[in-house]
Amino acid sequence: MLELSEVKSKIIGLALLLLFPFISSRAQYRTVVDKEVGSVFQTPGGFSYGEYGAFVGSAPTSSLDPNALDVFYARFDVFSTSDNTMVRGFPYSALRTYESQQVAEGNAPIFITATYAGKVRPVYFSWSLGLVNNVPTAPPTAWQYAVNVGDPRFVNFWINRYIRPIVWQPSYASHNNVWFELDECAFNYGLYGVLDDSNHFVAGVTWDSPFPQSGAAYLNSVASFFNQLKALAPDVKTMPNVGSMSDPTQFQPIFTNVPGALAEDIYSWHASPTTYTRNSWYLQTFTEFTWVGAQGKVGILRATLPSGDSNALLTSFVVYSLLKGPNFFFAPGSPTAVNPNPSEWMNMKSSLGNPMASATSTQQSSTGIGYRMYARQFVNGMVYLNLTGSTQIVKLDSRYKHWDPNGNVVTQISIPDATGTYVTTEDGNLEAPSISPRFSTTAMDPLMVTITSNTPGATIRYTTTGIPPGLNSPIYTGPFQLSGNAIVQAGAYLKGDNPSWPTVASYTVSAATPTVQFNSQSYSGPTGSYYPVLSLSAIPDGTVTAGYTIQTPTGATTTGTASFLPGNAYRYIPITVSGAVGTVTTVTINSVTGAGLGATSTLRYTVQ
């Protein structure tokens with residue numbers, strides 16, 4: 001039997017809200033759209049696409065909130081010949097051609113090989129082969145070949161021949177907040193292997209030099225890819241679909257420069273909560289995503305709700321609440337990939353308020369490290385997940401009144417194994433208002449802020465000093481301007497209901513004129529497509545357009561313009577580089593409207 005006490009009363013809760021580091025650290029404010037509804041290749045069940053805050057897949061044209069995360073499918077580490085014909089698929093044949101050119105010039109190959117039984121063989125990703133008794137059953141066009149992801153030549157190809165022109169460019173002019181979901185991110189050296197002479201798969205064969213030759217070296221190469229990507233293309237925002245990792249202790253080094261992460265099913269353990277499943281969930285999903293959340297990174301957590309499981313949505317919501325950071329999205333859905341109406345879980349979110357601390361866990365059995373009781377304190381209650389292997393009784397602090405999810409007053413709760421639940425210390429709070437815009441970069445003075453509420457008839461009260469609103473706080477009547485740094489808090493009030501817990505947004509506002517400049521002043525690479533990146537020092541209220549001139553090695557010049565989309569700090573310019581090795585193409589910003597010109601106004605591209 002466990003005895004866990006909770007914080008009671010909105011007065012105490014708001015005092016902690018001011019003091020607790022989760023809320024007071026600027027990095028922990030929400031910086032993406034103020035909607036937690038997510039989709040991972042799912043469709044809405046009885047609600048509109050406009051209610052999504054993050055959508056992975058292809059939504060109907062213009063159906064999403066303009067500020068929602070529009071997440072496109074992509075891959076970065078394994079590719080097959082069938083990718084050539086996929087919509088926005090990877091240019092497999094083009095990479096093979098480029099590799100052949102590189103090898104002819106005396107450089108190393110890019111596709112990984114391994115020598116087995118005296119023969120150099122291609123390295124395959126085992127999941128793509130459809131192995132039965134270690135023999136491939138999938139068609140050869142689906143077999144995925146491994147590439148050396150840390151090779152700078154591949155990183156350049158991935159950015160300039162795949163992600164920008166094929167995946168992003170068709171929507172570049174109209175999609176405001178594009179991200180890229182990277183599929184098949186199971187970073188495990190043991191999942192790769194070769195086919196022997198009898199067409200049987202052999203795992204664990206050491207890769208040839210100069211490719212990574214151990215699990216640790218392979219994980220280092222993955223980290224190198226993301227580190228290079230951040231430096232070369234800071235506008236390319238990725239969220240890997242996190243899979244199993246051969247060494248989970250390397251998750252943080254690999255994901256340090258990755259802005260987001262996706263979990264395909266945070267409820268998958270429920271079907272078979274074995275010792276392995278519990279241990280793996282604790283060591284990987286729980287540990288990894290609580291870190292992702294604590295870093296302020298974006299997370300989309302999908303949960304598949306089995307048919308007939310009446311507790312699935314509640315338990316999945318509890319799991320989400322344990323893991324979530326300020327920039328997370330919840331994507332529960334049916335086995336047929338339909339999201340339930342957010343109203344089915346939004347009241348749980350509204351009642352609990354914001355997290356007050358990181359999740360905790362206590363091992364309850366020597367059977368395995370994953371046999372644990374998980375809990376997390378919120379401003380108005382606690383969430384619990386029982387993975388101990390047996391039913392747990394939680395005694396609640398007798399000084400305060402507590403409500404269970406059904407609205408019953410309780411003094412203790414009984415939680416069966418593999419089940420989640422929560423209690424609150426105030427019942428029936430309104431849904432918190434939404435604040436926009438939200439972004440992590442500096443904004444230009446003045447900044448216009450808008451607050452909205454989904455509760456009909458509710459009054460919104462707000463502050464701009466970081467103090468939670470109360471009945472004496474100003475009433476919101478329409479968008480208002482900020483002319484300096486501010487922390488905006490807003491709450492919804494309606495007679496007869498408990499007010500919402502406040503929603504919070506932090507802004508850094510500068511009076512200085514924003515400037516436009518290149519992300520770097522020089523680059524070297526092959527001929528072909530290249531996309532210099534322009535960056536804004538602050539987000540302005542109006543449109544910013546940069547005029548530029550491209551000068552080729554022959555002296556010929558062309559001109560163009562690039563306009564930043566609202567709320568975006570980056571914009572790329574598509575150019576084509578030609579010429580012999582050592583020749584230089586120059587791109588110069590020669591005019592800017594809506595902002596000033598920064599120090600790095602010229603970029604020189606040298607052909608390698």
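Modeller: Gladly, with the reminder that this is a predicted model.

Biologist: Which residues line the largest cavity, and how do they divide by class?

Modeller: Its lining is made up of Y73, A74, R75, D83, M86, R88, G89, F90 and Y162. Sorted by class, the lining of the largest cavity comprises five nonpolar residues, one polar residue and three charged ones.

Biologist: R75 carries a charge, so to speak; what does its side chain meet in a salt bridge?

Modeller: Side chains of opposite charge can pair when their charged atoms come close. Here the side chain of R75, which also belongs to the lining of the largest cavity, forms a salt bridge with that of E184, at 3.4 Å from N to O. This pair links distant parts of the chain, given that E184 sits in strand β11 (residues 178-185) while R75 is in the loop between β5 (69-74) and β6 (78-79), 109 residues apart. In total, the structure holds 13 salt bridges.

Biologist: Turning to open space, what is the volume of the second largest pocket, and which elements supply at least two residues each to its lining?

Modeller: The second largest pocket has a volume of about 910 Å³, and of the 39 residues lining it, those closest to its centre are D34, K35, K349, P433 and S434. At least two lining residues come from each of α2 (21-24), α9 (343-352), β27 (434-436) and β33 (503-507), with α9 giving the most, namely four residues. By class, the lining of this pocket has 16 nonpolar, 13 polar and ten charged residues.

Biologist: Finally, how should I read the packing of helices α7 and α8?

Modeller: Two packed helices are described by the angle between their axes and the distance between the axes. For α7 (residues 275-294) and α8 (residues 312-323), the angle is about 60° and the axes are 8 Å apart, and the two helices are therefore oblique to each other. As for the residues in contact, W281, T285, F286, F289 and T290 in α7 meet V319, L322 and L323 in α8; by class, this contact has six nonpolar, two polar and no charged residues.

Note on methods: Residues numbered from 1 in each chain as written. Predicted model: local features only at pLDDT ≥ 70, side-chain atom pairs only at ≥ 80, totals over all residues. Heavy atoms only, no water. 1 Å grid on protein atoms, 1.4 Å probe; cavity = no way out; pocket = protein on both sides within 12 Å on 5 of 7 lines; lining within 4 Å. Nonpolar A, V, L, I, M, F, W, Y, C, P; charged D, E, K, R; others polar. Axes fitted to C-alpha atoms, helices over the stretch in contact; angles between N-to-C directions. Parallel < 35°, antiparallel > 145°, perpendicular 65-115°, else oblique. Contact = heavy atoms within 4.5 Å. Salt bridge = Lys/Arg side-chain N within 4 Å of Asp/Glu carboxyl O. Points joined across faces, edges and corners; volume = space filled by probe spheres on them.
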